[in-house]
Structures are given as structure tokens and as C-alpha cells.
Amino acid sequence: MHELEWAPITLETGLRVLDLIGVLAFAMSGALLGVRKRFDLFGVLVLGCVTAVGGGAIRDTLTGQTPPLFLRDETYLYAALLGSGLAFAFGTRLARFERTLSVFDTVGLGLFAASGALGAINFGLGPLGVVFAGMLSGVGGGVIRDLIANEVPEIMYRSEQLYATAAAAGALTVWLLYPHVTPFQAQFSGAVVVWGLRWISRRGWVRLPVRRLPEDTPQG
């Protein structure tokens with residue numbers, strides 16, 4: 001009998017899987033917000049899909065890959081529709097709705113920040129360009145989601161939780177590791193850094209400083 005031989009996972013396949021996971025996560029994040037806002041099915045699907053492909057579209061535009069990948073490969077749109085549909089079907093059954101929304105948002109943030117940084121490196125950008133492109137790729141989907149849902153974008157007001165800062169740190173990690181490891185390892189490590197920073201900031205262990213104004217000081 002012949003033994004089954006498993007084909008090795010290529011670098012391209014590994015990076016594609018990470019991208020699709022990010023799309024699925026961001027789609028569920030956007031769709032769950034739509035469910036919470038009482039959008040109908042079409043509205044939930046639109047919000048989920050726009051959230052899912054927004055970060056990737058920004059990444060591809062910044063790194064000169066046009067048209068964006070989701071238009072060249074409809075697998076990403078199918079993944080976005082799948083994530084949005086799952087969120088619409090099962091969102092109301094989730095015990096911790098806000099917590100679940102944050103989890104999916106964090107997963108997407110990390111994966112897109114890292115993939116944006118990797119794309120910027122391949123395009124030949126310097127360290128600041130890589131960090132900027134990675135950060136915008138990570139936060140872009142969430143900003144689009146919040147604006148469509150009439151919410152203040154999370155990066156503008158949650159000083160007690162690292163968000164854009166975490167995305168920038170993940171992108172910087174990719175740039176630092178890229179010369180020493182495989183692109184897959186660099187991208188995954190950058191995503192892990194984002195997830196770690198988001199986790200510790202949610203527990204109040206680290207936060208950004210906030211400038212206090214005189215009127216903020218209690219009188220008496």
C-alpha cells in the first residue's frame with residue numbers, strides 16, 4: 001500500500017490563510033455591530049463586508065497593488081459574506097456580545113496590521129512607511145465600520161485601550177523580524193504582538209497618557 005503524502009504548506013498559502021482569517025474576523029466584527037444597531041439582513045451584510053475588505057483595500061492601495069486583492073480574488077468576498085452571515089445568524093445568542101465583538105475586532109486588527117506591514121516591506125518602504133501602512137491597514141476596517149454605524153471611531157477616544165498604537169507596534173515587529181525569519185513568521189509574530197498589547201491594555205496594565213486640562217481638575 002502506498003502511504004499518503006501530504007503536500008507541504010507553501011509560504012503563499014500560509015499568508016493567504018492569515019489574510020482570509022483576518023477578513024472573516026473583521027466581517028464578524030462589523031456584522032455584530034450591525035446586529036446590535038438593529039440593521040436588517042442587507043445592512044448587516046454590507047457593514048460586515050465593508051469592514052472586512054476596508055483594511056485590505058487600504059493596504060493594497062498604499063503598496064501599489066491595484067485593483068485591491070478582494071476584487072481580483074473573490075474568495076475574500078465569499079469569506080466576508082460567510083462571516084457576516086454567521087454573525088447575523090448567531091450573534092444574538094452570544095452570551096457576551098461586546099466581548100465577542102472586541103475579540104473579532106482584535107483578531108482582524110492584528111492580522112491586517114501585520115499583512116499591511118509585509119506588503120509595505122515588499123514595496124520597498126522604509127521603517128516609518130512600513131509602520132504607517134501597517135497601522136492604517138489594521139485600523140481602516142474598524143474606522144469604516146464605526147463611521148457607517150454612526151459610532152465615534154474607536155481609535156479616537158479609547159485612551160485606556162491600545163488600538164492604533166498596538167497596530168503600529170505589530171507593524172514595527174514585522175519590519176524588525178523580516179530580515180531574520182520567513183515572511184509568514186514575521187507576519188504571524190506581528191499579529192501576536194498586536195493581540196498581546198490589546199490583551200494587556202484591556203486589563204488596565206498599560207495605557208497612553210491623556211493631557212489634563214484645567215477644567216478637568218475637581219474644584220474645592
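## Cavity, pocket and salt bridges

The lining of the largest cavity divides into 8 nonpolar, 1 polar and 3 charged residues, where Ala, Val, Leu, Ile, Met, Phe, Trp, Tyr, Cys and Pro count as nonpolar, Asp, Glu, Lys and Arg as charged, and the others, Gly among them, as polar. This is a predicted model, in which local features need pLDDT of at least 70 and side-chain atom pairs count only at pLDDT 80 or more, while totals for chains, interfaces and linings use all residues. Residues are numbered from 1 along each chain as its sequence is written, and side-chain values use heavy atoms, with hydrogens and water left out.

A cavity is a set of points, on a 1 Å grid over the protein atoms alone, where a 1.4 Å probe fits but cannot get out, whereas a pocket is an open set with protein on both sides within 12 Å along at least five of seven lines; lining residues have an atom within 4 Å of a point. Grid points are joined across faces, edges and corners, and a volume is the space filled by probe spheres set on the points. The count comes to 1 cavity of 30 Å³ or more, and the largest cavity holds about 70 Å³ of space. Among its lining residues are D19, V23, R59, D60, L69 and F112. Helix 2 supplies the largest share of this lining, 6 residues, and helix 1, helix 2 and helix 3 each give at least two; helices are DSSP runs (H or I, at least four residues) numbered from the N terminus.

The largest pocket contains about 400 Å³ of space. Of the 19 residues that line the pocket, L15, D19, Q65, L69 and L118 are the closest to its centre. D19 and L69 also line the largest cavity.

Turning to charged pairs, the model has 3 salt bridges, each a side-chain nitrogen of Lys or Arg within 4 Å of a carboxyl oxygen of Asp or Glu.

| Salt bridge | N to O distance |
|---|---|
| R36 and E151 | 3.8 Å |
| K37 and E151 | 2.6 Å |
| R145 and D146 | 3.0 Å |

Salt bridges that share partners join R36, K37 and E151 into one network. R36 is partly exposed at 32% relative accessible area, as are E151 at 26% and K37 at 30%, whereas D146 at 6% and R145 at 5% are buried (buried means under 20%, exposed over 50%, partly exposed in between, with a 1.4 Å probe and protein chains only).
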